[in-house]
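Take a look at the model below. Keep the sequence beside it as you read.

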Amino acid sequence: MTPTDRQLDELDRRLLMLLAADGRAPMAELGRSIGLSRTAVLARVQRLERAGVIRGYRADVVLPGEAAAHRARVGLVIRTPDVAGYVQRLRELSGVTEIETVTGEFDLIVLVSAPSAGELDVVLDRISGWRETVRTTTWVVLTRYG
């Protein structure tokens, strides 16, 4: 069960903000930043991992000699009783790296990456062509900060 905001104290929030900025920051450095010992920070991080607040760490990789991938965030409005099945189909598409359910105008927000604009377009066309897809709105990422 994921903790509610009331179960996260101010130190947890500061620690999470630091980890979101640099998931590889040493525990001692994090401790200095928030005024705790390395051991106390490690215990908090492990508790947050067990609670599902910290779901993982990832490497954002661009190989030497390769151009940075074309990236787009796609807002999807869908009509299906089988959202899990729809999400599974999205996961199987090449270049889909993140899928999130959201509140508001869209049902899902998807991050799509491709080595070229043409390949990005193919993935977007495929999603748009599914009968469950009511509408898509695409935001092409121009600059990524961190």
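The model is predicted. A search of the whole structure turns up two aromatic pairs.

**First aromatic pair**
- Tyr86 belongs to helix H4, while Trp130 lies in the loop between helix H5 and strand E4, so the pair ties together parts 44 residues apart in sequence.
- Both Tyr86 and Trp130 are buried.
- Trp130 has another contact: the charged end of Arg89 sits over its ring, 4.0 Å from the centre.

- Phe106 is in the loop between strands E2 and E3, and Trp139 is in strand E4. The two residues are 33 apart, and their pair links distant parts of the chain.
- Phe106 counts as buried because its relative accessibility is 10%, under the 20% cut-off.
- Trp139 has 41% relative accessibility, so Trp139 counts as partly exposed.

- Seven of the seven residues in E3 are buried.
- Both faces of E3 are covered. Leu108, Val110, Val112 and Ala114 are on one side, with Ile109, Leu111 and Ser113 on the other.
- Strand E1 (residues 70-78) pairs with E3 in the antiparallel sense over seven bridges. His70 has Ala114 as its bridge partner in E3.
- E2 also pairs with E3 in the antiparallel sense, over five bridges. Here, Glu98 has Leu111 as its bridge partner.
- The hairpin of E2 and E3 has six residues between the strands, and Gly104 takes a positive phi near 100° there.

Key
Residues are numbered from 1 along each chain as its sequence is written. This is a predicted model: local features need pLDDT of at least 70, side-chain atom pairs count only at pLDDT 80 or more; totals for chains, interfaces and linings use all residues. Side-chain values use heavy atoms; hydrogens and water are left out. Rings of Phe, Tyr and Trp (its six-membered ring) pair if their centres lie within 6.5 Å; planes under 30 degrees apart count as stacked, over 60 as edge-to-face and the rest as tilted. Helices (H or I, at least four residues) and strands (E, at least two) are DSSP runs, numbered from the N terminus. Buried means under 20% relative accessible area, exposed over 50%, partly exposed in between (1.4 Å probe, protein chains only). A charge sits over a ring if NZ of Lys or CZ of Arg is within 6 Å of the ring centre and within 35 degrees of the ring normal. Two strands pair if DSSP finds at least two bridges between them.
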